[in-house]
Amino acid sequence: MPPPADIVKVAIEWPGAFPKLMEIDQVLCLFIRLIPFRWSLGNNENFALQVADATNFYITEKNRNDIKNGSILRLTTSPTAVQLHERIQSSSMDAKLEALKDLANASRDITFAQEFINLDGISLLTQMVESGTERYQKLQKIMKPCFGDLLSFTLTAFVELMDHGIVSWDTFSVAFIKKIASFVTKSAMDTAVLQRSLAILESMVLNSQDLYHKVAQEITIGQLIPHLQGTDQDIQTYTIAVINALFLKAPEEKRQEMAHILAQKQLRSIILTNVIRSTTPINDEMAHQLYVLQVLTFNLLEDRMMTKMDPQDQAQRDIIFELRRIAFDVECEPNNSGSIEKRKSMYTRDYKKLGFINHVNPAVDFTQIPPGMLALDNMLYFARHHQDAYIRIVLENSSREDKHECPFGRSSIELTKMLCEILKVGELPSENCHDFHPMFFTHDRSFEEFFCICIQLLNKTWKEMRATSEDFNKVMQVVREQIMRALTLKPNSLDQFKSRLQNLSYTEILKIRQSERMNQEDFQSRPILELREKIQPEIMELIKQQRLNRLCEGTCFRKISSRRRQDKFWYCRLSPNHKVLHYGDLEESPQGEVPHDSLQDKLPVADIKAVITGKDCPHMKEKGALKQNKEVLELAFSVLYESDEYLNFIAPDKHEYCVWTDGLNALLGKEMTSDYTKSDMDTLLSMEMKLRLLDLENIQIPEAPPPIPKEPSNYDFVYDCN
């Protein structure tokens, strides 16, 4: 007879004693009071149960149903919220320090946090930061380490409590903001205090528009820059995160002004020298912040990209006259020189040579948005800063036959639009992306320089393809492929990017396409198609087993909060018998697989009702505007199980997303429909078909690979001239 559903068998630990196997089968508070008698600890009402893993979460009546059979719990003296609330107000410095240390640790538990906050604990901590620190600062000379630890644990507890989202950020006073800002602006501040202060400022800015204005008044870019010039990558990461937050929340009219200040303070150059080219490898969090800064910088172009040219605006028309003057080395004729018809004819001829679609009034070409006025800005930059290359392109094409000329004006407009699409100008940064490009941090006008390299590539590819005006779209497709392949290699500089493009000529692109086509060869004869259809179920079963094996290995997922980005992780893996999902929280990203016994939570596969993806996931509906972007939605999925509860995931990348959604659907007996499954199916089918065709030709395929040639005894090779 199976045990009642409300009885759970667990192991309970006590320091210095053997663990005991027990059954939780009654009211939790009574059960906890009975446990100490097993170890003859006396009747102490301050005992509590914790989950014996990295989370150390306390077991309460609310979450006791989450305890699974086989869980390991730890009996501990409970630091009740009331006790800690009293202890942190102790007059003894040592007692206060120990209490704050316990508070920083206990505050990670949401149950404890709720109780402590109900005691007005947040206000107590802010008062200690605002006024209490002055009293301790007087003792800094004789007890500086103690002061740093006091403040560090106070701020850590504050951050952990706020991270639960129970208290609104809008409730904090200007005095508190000034105090936190002072920890950032002071020199020689304790590293832990500085790190937590930067994290608090970032959260304030991101979570409250009112606090953004207050923080912006207290912190200047110039005060943040010195923190980037050190060697501590965590401090550098939090500093860039604060700059990104200020950039993101700044009103649109102030973003250009802020960008100008960043340029004046040489932020790009400092990041390039002290972060990107540092000897310390860039971790994922730093890569994400650099990516965000890159996106926000390029988004400054959105205004020009979405601005139409006004054909009646003389200042804008003068830019087109400037393009004509530089290209053909002509001075603007006075109004009375020659007839109007003659001048119109001359202008029309030159605008045709410049490659505009509308030869009579080229201003009309820039009324399309995107790219709007941004295209004209790029053309003028190219003409002024790369004058020789600009003149060569224009004159080269004006001397060709009409059908073979590469229209510079039309090409520039379409290329600018393409580059904006590639760099996603105007889109919000993704929460999960780390795709920053070092080369964009090597020049103050990186987008314009990027355009200048690509417009010369376009002209070169046009010639290599011997294209005509009818081939314009085909040329643009090849150019896009060349740019994307070069960007994938992550060049460290614009010169390196240019060099990569030189190796990606049209001929090379054709070779790559041919090679890819051969690898994905699909024979269309009837016998081949019948054979494919026959072996397809076998290949699908092989893919299914691979997906399930990957789920058994497990994956580390990042916990993403709507309040601030965190380095908190959790791990999930499938049991070898494919019947249970094991999962649990981790303190840091693991190096390799995490064993089943260290993952305390379990979800039977039999209880899973459905797999939900994208915007239908509950954790996507709850996210703010910043999180609701395409990339995060594409990586989100949830598992619906009994009682309408969800296990929510955000995959680290598209590959892991497909592996998990395919594997979960396979467990539920549903079809695997991801792009990766289709790709794997095509690849494996192609390989299997080729092997079977080789077998038909009686070609022996060895079981083992051929031996590797022996290494020569020496490398002193000499050519004998005799």
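1. In this predicted model, Arg325 has a relative accessibility of 28% and therefore counts as partly exposed. Its side chain meets that of Glu322 in a salt bridge, with 3.1 Å from N to O. Both Arg325 and Glu322 belong to helix H16 (residues 314-328), where they sit three residues apart, about one turn of the helix.

2. Glu481 counts as buried because its relative accessibility is 17%, under the 20% cut-off. Arg485, with a relative accessible area of 25%, is partly exposed.

3. The side chains of Arg547 and Asp680 form a salt bridge of 3.0 Å, N to O. This pair links distant parts of the chain: Arg547 is in helix H25 (residues 526-553) and Asp680 is in helix H29 (residues 675-696), 133 residues apart. Arg547 is buried, at 3% relative accessible area, whereas Asp680 is partly exposed, at 26%.

4. Salt bridges with shared partners connect Glu322, Arg325 and Arg384 into one network. The structure holds 23 salt bridges.

5. Helix H14 (residues 284-298) has 15 residues, which at 1.5 Å a residue should span 21 Å; the C-alpha atoms at its ends are 21 Å apart, in agreement. The N-terminal end of H14 is capped by Asn283, which has a side-chain oxygen 3.3 Å from the backbone nitrogen of Glu285.

How values were computed. Residues are numbered from 1 along each chain as its sequence is written. This is a predicted model: local features need pLDDT of at least 70, side-chain atom pairs count only at pLDDT 80 or more; totals for chains, interfaces and linings use all residues. Side-chain values use heavy atoms; hydrogens and water are left out. Helices (H or I, at least four residues) and strands (E, at least two) are DSSP runs, numbered from the N terminus. The expected span of a helix is 1.5 Å times one less than its number of residues. A polar contact is a pair of N or O atoms within 3.5 Å; within protein, one must be able to donate a hydrogen and the other to accept it, and residues adjacent in sequence count only if both atoms are side-chain atoms. A salt bridge is a side-chain nitrogen of Lys or Arg within 4 Å of a carboxyl oxygen of Asp or Glu. Buried means under 20% relative accessible area, exposed over 50%, partly exposed in between (1.4 Å probe, protein chains only).
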